[in-house]
Amino acid sequence: MKKLTLLLLCVATLGLVSCQKETYITQELKAKTYNYEITPSDWKINPNGSYTATWLNKKFDGITLEDEGVMVYFEHPVTPSSFIQLPYTFNYSAYSYELFNGGISFDVQDTNNLSNSIAPNYKILVKVVVVPSEYEPN
């Protein structure tokens with residue numbers, strides 16, 4: 001009986017020793033923030049009467065365009081050190097953006113009539129927040 005117990009104890013010990021716990025290291029995805037300053041001379045008029053300022057940046061690539069979340073903020077024109085998320089409207093001007101592979105365009109247009117659009121005559125601090133995401137196909 002002692003031999004059988006000893007044999008079972010040895011088998012159980014070998015079984016437990018042979019099992020190894022797998023260690024997985026996961027990397028936490030972190031958002032990245034990019035700042036940019038639009039100067040009054042950066043605004044270019046479009047054929048439709050609106051204005052566009054473009055920021056070319058290789059960090060805004062196909063992955064950013066297809067998989068990641070992007071939030072854009074302009075520094076408030078009246079209250080410095082506070083930000084407004086785009087799109088937004090201020091003093092009858094509507095501000096929006098368009099993300100493309102290799103950059104981002106910022107647009108401003110009059111809310112009543114495109115031909116009355118006025119480009120900002122002050123510097124605008126832009127904050128672009130890119131939130132990584134893992135693509136899950138359907």
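Two strands count as paired when DSSP finds at least two bridges between them. Strands themselves are DSSP runs of E with at least two residues, numbered from the N terminus. The model described here is predicted, so local features need pLDDT of at least 70 and side-chain atom pairs count only at pLDDT 80 or more, while totals for chains, interfaces and linings use all residues. Residues are numbered from 1 along each chain as its sequence is written, and side-chain values use heavy atoms, with hydrogens and water left out.

Five strands make up an open sheet in the order S2-S3-S8-S7-S6, and their pairing is antiparallel. Its edges are strand S2 (44–45) and strand S6 (88–90), each of which pairs on one side only. Two bridges link S2 to strand S3 (residues 51–56) in the antiparallel sense, and Lys44 has Thr52 of S3 as its bridge partner. Moving along, S3 is joined to S8 by six bridges, again antiparallel; here Ala53 stands opposite Phe106 in S8. S8 is also joined to S7, by eight antiparallel bridges, and Ser96 has Asp107 of S8 as its bridge partner. S7 and S8 form a hairpin with two residues between them, and Gly102 in the turn has a positive phi of about 105 degrees. Seven of the eight residues of S8 are buried, so this strand is largely enclosed by the rest of the structure. Buried here means under 20% relative accessible area, calculated with a 1.4 Å probe on protein chains only.

A second open sheet has four strands in the order S1-S9-S4-S5, with antiparallel pairing. S1 and strand S5 (83–85) are its edge strands, each pairing on one side only. Seven antiparallel bridges join S1 to S9, and Tyr34 stands opposite Val128 in S9.

What about the interior? A nonpolar core is a set of buried Ala, Val, Leu, Ile, Met, Phe, Trp, Tyr and Cys residues joined through side-chain atoms within 4.5 Å. The largest such core has 23 residues, of which Trp43, Phe74, Phe106 and Val128 touch the most other members. At least two residues come from each of S1 (32–38), S3, S4 (69–75), S7 (93–100), S8 (103–110) and S9 (124–131). S9 gives the most, with four residues. Phe74 has contacts (heavy atoms within 4.5 Å) with residues including Ile38, Phe83, Tyr95, Phe106 and Val126, not counting residues up to four places away in sequence.

How values were computed: Buried < 20%, exposed > 50% of the residue type's maximum accessible area, 1.4 Å probe, protein only.
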